[in-house]
Amino acid sequence: MKSLREWIGWAEEKKVAIGHFNISDSEGFKAVVEAAKALEVPVIIGVSEGERDFIGLESAVALVKTARGNNLPIFITADHTYSVEKAKKAIDARVDSVILDAVDKSFEENVRMTKEVVEYAKGKNILVEGELGFIGQSSKVLDAVPKGVSQTNPDDAKEFVNQTGVDLFAPSVGNIHGMIKTGEPKLNIEKIREIKEAVGVPLVLHGASGNSDEEIRAAIDVGIRIIHINTELRLAYKEGIEEGLKSGEIAPYKFLAEGVEEMKKVVLSKLKLFNNAR
Ligand SMILES: [Zn+2]
C-alpha cells in the first residue's frame, strides 16, 4: 500500500489533486469512503481540533486505518492545529499528516512552532503542512470576506518552507475558509504558479468550498495537489438530515442516511473534478 507521500507524488505525476474532506462523525466518514470507493481514488479525511474532539482522534484514526486495511487508499489529517502540543498529540495518535496553523503569529514565531512539529514528526512517516497568510477560520456561509485576509508573498513562502522543512505548504491565494454569500474572491492562479515555483513542495488549497470548477481546474494545473472541502459538506449534511426528519422518522440510521447521501453527492462531484474524471 502506497503512503500518503507516494500518493501525492502520484497526483503530481498525473496532474490531479487529492480530495480532503472534513468529518466529525461516522456518517461523514461513511459518505467519504463510499464516494472514494466508487471512483477508486485516494482520499483524505480531515479532522479539525473541534471535529476531532467530537469523534475522538483515536477513533477517527482507527476508522481510517481499518478502511485502509481493506485496500482503500484513505488517509487522515489533523487539520488546523493551533498549538505545538496538540500537533504532537496528533502525531502520537499516528495520523498521516498534521497541519500546524500559526498564521496569526509573527513570521518568526510561525517558523519556530512549525519547525518544532517538523522535528517531532521526523522518522515517523507523518507529513507536516505549514501555512502562511490568513484566510479566515470559519466553515460557515459568510456575508463578506473576513477581516485580515492577506495573500501569501512567494519570497516569504520560499523562506518559510526552507526554514521549517515542511512537506506540504498551504498558501493564501484568494481562497477563504467558509463560503462568501456574494461569491468568493477568485483564486489567484498566477500567484499559485509563482509560489509553487518558489517553494518546490506540493501545495494545498484550503477553503475551496464555493470556488468554481474552472478555478479549481486551473489551480490543479499550476500545482495544487490537495484540496480541502468542508463547508459544502456541512450544508449538505444538514439539508439531508432535515429531509430525513420530515417524515417523523426516529431511526437514526434512516434519517441520518439522507444526510450521508447528500454528503456523498458532494464528495463524488468534487472527487471527479479533482481527479479530472467525467
Ligand atoms: Zn483549512
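Mentor: A crossing of two helices is right-handed if the near helix is turned clockwise from the far one by less than a right angle, and left-handed if anticlockwise. The model is predicted: local features need pLDDT of at least 70, side-chain atom pairs need 80 or more, and totals for chains, interfaces and linings use all residues. Numbering starts from 1 along each chain as its sequence is written, and side-chain values use heavy atoms, without hydrogens or water.

Trainee: In which hand does α10 pass α11?
Mentor: Helices here are DSSP runs (H or I, at least four residues), strands are E runs of at least two, and both are numbered from the N terminus. By the clockwise rule, the crossing of α10 past α11 is right-handed.

Trainee: How is α10 oriented relative to α11?
Mentor: Axes are lines fitted to C-alpha atoms over the stretch in contact, and angles between N-to-C directions run from 0 to 180 degrees. Helix α10 (residues 231–246) and helix α11 (residues 252–274) have axes 7 Å apart, at an angle of about 150°. The classes are roughly parallel under 35 degrees, roughly antiparallel over 145, roughly perpendicular from 65 to 115, and oblique for the rest. So α10 and α11 are roughly antiparallel.

Trainee: How does α2 lie relative to α11?
Mentor: Helix α2 (residues 26–39) packs on α11 at about 40°, with axes 8 Å apart. That angle makes the pair oblique.

Trainee: How many nonpolar residues are in the contact of α2 with α11?
Mentor: The α2 side includes Ala31, Val32 and Ala35, and the α11 side includes Val260, Val267 and Leu271. Of the residues in this contact, 1 is polar and 5 are charged, and the nonpolar count is 12.

Trainee: Which residues coordinate the zinc ion?
Mentor: Donors are N, O and S atoms within 2.8 Å of the metal (3.2 Å for Na, K and Ca); water is not among the atoms, so sites may look incomplete. The spacing in sequence is H-x96-H-x28-H. At 2.0 to 2.1 Å, the zinc ion is held by His80 (NE2), His177 (NE2) and His206 (ND1).

Trainee: What is the relative accessible area of His206?
Mentor: Buried means under 20% relative accessible area, exposed over 50%, and partly exposed in between (1.4 Å probe, protein chains only). His177 is buried at 10%. His206 is also buried, because its value is 1%.

Trainee: Is Lys196 buried or exposed?
Mentor: Lys196 sits in helix α8 (residues 189–199). Lys196 touches Glu12, Val201, Pro202, Leu203, Val222 and Gly223, leaving aside residues up to four places away in sequence. Its relative accessibility is 16%, so Lys196 counts as buried.

Trainee: Where is Asn125?
Mentor: Phi of Asn125 is near 60°, a positive value in a residue other than glycine. Asn125 counts as exposed, at 56% relative accessibility. Its place is the loop between α6 (107–121) and β5 (127–132).

Methods: Contact means heavy atoms within 4.5 Å. Ala, Val, Leu, Ile, Met, Phe, Trp, Tyr, Cys and Pro count as nonpolar, Asp, Glu, Lys and Arg as charged, and the others, Gly among them, as polar.
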